Amino acid sequence: MKEENSNKHPNNFDDEIDLQELFYALWGGKWIIVSLTAFASIAGVIYSLSLPNIYESKALLVPVDSSSSISGALQNYSGLAGLAGISLPSAGPKSNSTKAIETIGSLSFFKNNLMPQIFLPDLMAVKTWDFNTKTLAYDESIYNKNSSTWVRDSSYQAKQKPSAQESFAVFKSKHLNISEDKLNGFITLKIRHQSPFLAKKWAELIVEEVNSFYRKKDKSESERAVIYLNQQISKTSLSEIKQVIAELLQQETQKLTLIESNKSYVFEY
């Protein structure tokens, strides 16, 4: 009976790990472990050294306060405009800086404002940057610098010359980073590139173009408002209504003057 019970309950110590045997096993394979660790470390160092240096240009942008501008002041005349039977467009819930951030991250802004001023191989075909000569080298399997032609293999989705959509995807994922500090409203714009000069140039280009974009947009809207107000003032014979429209015209005229003179229309940096 006792023998039968002992067979049913084998010695639990047989299942325990012998630490001494484990130590000897690891010690016996120490050279394999050391070799694999050294190989992985050396491969990691070689891979890191093979990667090109990436430079970053950072700009701290201060949004221009729209409430202090003529555009903001014009909204104070919405009541007078209502008396005159004129509906002024509302500024909307979004600030100019919020709308500008969305604009910068849009395909249409990249295609119409940035892409025409960017040398496309600098975005899509850069291989290395020579710090000593301050020049870029291009991947010859993508772009031939001597003949100024694109030579990469083309397919249905990727044509030989990169499209605006493909270029924008690379620009947004690899080069552009923009964020807003919710506490103070400051905008941080970062541009990464293998060339420090291009990183700086592209950052400045974005700020200049977004200011120009909204300056032209608001100017066009204000000019249309002036035309509309002039039409309305000629249609009424009531002196009170004419006075209201005249004040609105004066505000729009001042707004146009401000737009022309204000270089930092949305951002200052």
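Analyst: Of the 41 residues in the largest nonpolar core, those that touch the most other members are Phe110, Leu114, Leu123, Phe171, Ile191, Ile206 and Phe267. Helix 10 (residues 196–233) gives the most to this core, with 9 residues. This is a predicted model, in which local features need pLDDT of at least 70 and side-chain atom pairs count only at pLDDT 80 or more, while totals for chains, interfaces and linings use all residues. Residues are numbered from 1 along each chain as its sequence is written, and side-chain values use heavy atoms, with hydrogens and water left out.

User: What makes a set of residues a nonpolar core?

Analyst: The members must be buried Ala, Val, Leu, Ile, Met, Phe, Trp, Tyr or Cys residues, joined through side-chain atoms within 4.5 Å.

User: Why is Arg152 called buried?

Analyst: Buried means under 20% relative accessible area, exposed over 50%, and partly exposed in between (1.4 Å probe, protein chains only). Arg152 has 14% relative accessibility, and therefore counts as buried. The side chain of Arg152 also reaches the backbone oxygen of Gln160 at 3.0 Å.

User: Why does Lys99 count as partly exposed?

Analyst: The relative accessibility of Lys99 is 25%, so this residue counts as partly exposed. From C-alpha to C-alpha, Lys99 and Val266 are 9.8 Å apart in space, although 167 residues apart in sequence.

User: Which residues is Ile206 in contact with, leaving aside its neighbours within four places in sequence?

Analyst: Contact means heavy atoms within 4.5 Å, and the partners of Ile206 are Ile104, Phe109, Leu114, Phe171, Leu176, Leu189 and Ile191.

Notes:
Helix = DSSP H or I, 4+ residues; strand = E, 2+ residues; numbered from the N terminus. Polar contact = N/O pair within 3.5 Å; in protein donor to acceptor, adjacent residues only side chain to side chain.
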